[in-house]
Amino acid sequence: MRKRVRSYFKDKNISIYGNFKMHLKTVIMLGAYLAPFIIILTIPLSPLAALGMVVLMGIGEAGIGMSVMHDGAHGSYSSKAWVNKLVASTMFLLGSNTINWKIQHNVNHHSFTNIFNYDTDISTISVIRLCEHAPLKKYHRYQHLYAFPLYGLMTFVRLFGEISVLLEYNRKGITKQQHADPTLEVVKLVITKVIYITLIIGLPLLLTDFAFWQILIGFFILHATAGMIMSTVFQMAHVVEGTYQPLPDEHNTIHNDWLVHQLLATSDFGRKNGLFSWYIGGLDFQIEHHLFQNVCHIHYPAIAPIIQTTAKEYGFNYNLKPTVFYALASHFRRLKELGRIEHNNKPEQHDYPVDSIQGI
């Protein structure tokens, strides 16, 4: 599979990194976030019109996270390290930092996808049970009804909970493992959040006629919009029917090749979603992203058929949900199932035949 994908780029004589389309998208996403904010600050608006601008900001914020920052943090935006670092730093526009994201996402999620207690994306939200190995509570029976509204709190959790997370990374020595200074990263994170809160709340308070409570409502709607979009999109790739959630054995080993594990723990959805696919930064090509995270998402539609054909050729299931709405429905059904079924939490031993894995 790797040989075939490399051949595609070599035969086409194209770079694995971003191109003009990616650069144009970056400008559009930044504009979708910043332009409505500038309008709010400079043009007298009714509360309803301002609300519309805030929603647009939330859409732009999610777009930056999914389509711009994501590639920069993975080093796939450009062949130049400083460009990737600059693009990844758009995270600061969201009141967050890059070191936390890289540890949580690049290291924990991409290395240990769908493995409970290692992949924090499925392990740290106790009120929503996203993994069959997590403790089952009575209230989880209703999580398919309350989960989606709670997804809107995702960016709030990052905004107000990141400092404690970074301190924990520092305590465990994880920050140093990423060749970062623990004290400096805490200082940078605190300063980032102070500046962000000052600008996003302080400027409207200073330059507009809106009351403080109105600005707070707008702030909440901004983050709820962005959080709802990003969380829902992320869940449709890993917490759906047919995605594998293994446990390591007593020797802390997963009995599978890493590439095969990624294929079985991940799902594509839709893939022909036009504007929506463009907006979410290729996250509907999640299999391609997990197998080739160093490749810019602009290229995923082209390499997806190569990966799908190769997987089927060697007898592996390629989990593809045919539409976005099908993936949403699959996530809903999976939430309902996880809220009612308790796993025995014993490690599963799989030296594949893969025909034991259920999927679409």
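Let me begin with Arg158, whose place is in helix H7, where helices (H or I, at least four residues) are DSSP runs numbered from the N terminus. What you see above is a predicted model, in which local features need pLDDT of at least 70 and side-chain atom pairs count only at pLDDT 80 or more, while totals for chains, interfaces and linings use all residues. Residues are numbered from 1 along each chain as its sequence is written, and side-chain values use heavy atoms, with hydrogens and water left out.

Arg158 counts as buried because its relative accessibility is 14%; buried means under 20% relative accessible area, exposed means over 50%, and partly exposed is in between, with a 1.4 Å probe and protein chains only. If we leave out residues up to four places away in sequence, Arg158 touches Ser96, Asn97, Asn100, Trp101, Gln104 and Lys193, a contact being heavy atoms within 4.5 Å. Arg158 and Gly95 are 63 residues apart in sequence, and their C-alpha atoms are 8.5 Å apart in space.

Which residue meets the side chain of Arg158 in a salt bridge? That residue is Glu162, with 2.9 Å from N to O, and by a salt bridge I mean a side-chain nitrogen of Lys or Arg within 4 Å of a carboxyl oxygen of Asp or Glu. The two residues are 4 apart in helix H7 (residues 154–172), and therefore Glu162 and Arg158 are separated by about one helical turn.

A search of the whole structure finds 10 salt bridges. One of them joins Glu313 and Arg4, whose closest N and O atoms are 2.9 Å apart. Here too distant parts of the chain are linked, since Glu313 is in helix H14 (residues 300–313) and Arg4 is in helix H1 (residues 2–12), 309 residues apart. Glu313 counts as partly exposed at 48% relative accessibility, and Arg4 is partly exposed with a relative accessible area of 36%. Elsewhere, a network of salt bridges links Glu132, Arg334 and Glu337.

Gln143 counts as buried because its relative accessibility is 0%, and, not counting residues up to four places away in sequence, it touches Val127, Ile128, Arg129, Leu335, Leu338 and Gly339. Where in H6 do we find buried residues? They are Gln143, His144, Ala147, Phe148 and Tyr151. Seen down the axis of H6, these buried residues fall within an arc of 125°, so they line one face of the helix; the arc is that of the directions from the helix axis to the C-beta atoms. The buried residues of H6 pack against H7, H10 and H15, whereas the face turned away from the buried side carries the exposed residues Leu145 and Pro149.

Now to the interior. A nonpolar core is a set of buried Ala, Val, Leu, Ile, Met, Phe, Trp, Tyr and Cys residues joined through side-chain atoms within 4.5 Å, and in the largest one, of 38 residues, Met66 and Ile200 touch the most other members. Among the elements that give two or more residues to this core are helix H2 (20–42), helix H3 (47–74) and helix H10 (212–238), and H3 gives the most, with 8 residues. Leaving aside its neighbours within four places in sequence, Ile200 is in contact with Tyr33, Phe37, Met57, Phe219 and Leu222.

Finally, the structure holds 6 aromatic pairs; rings of Phe, Tyr and Trp (its six-membered ring) pair if their centres lie within 6.5 Å, with planes under 30 degrees apart counted as stacked, over 60 as edge-to-face and the rest as tilted. The rings of Phe156 and Phe219 have centres 6.0 Å apart and planes at 80°, so this pair is edge-to-face. Phe156 lies in helix H7 and Phe219 in helix H10, so the pair ties together parts that are 63 residues apart in sequence. Both Phe156 and Phe219 are buried, and ring pairs link Phe156, Phe160, Phe219 and Phe220 into a cluster.
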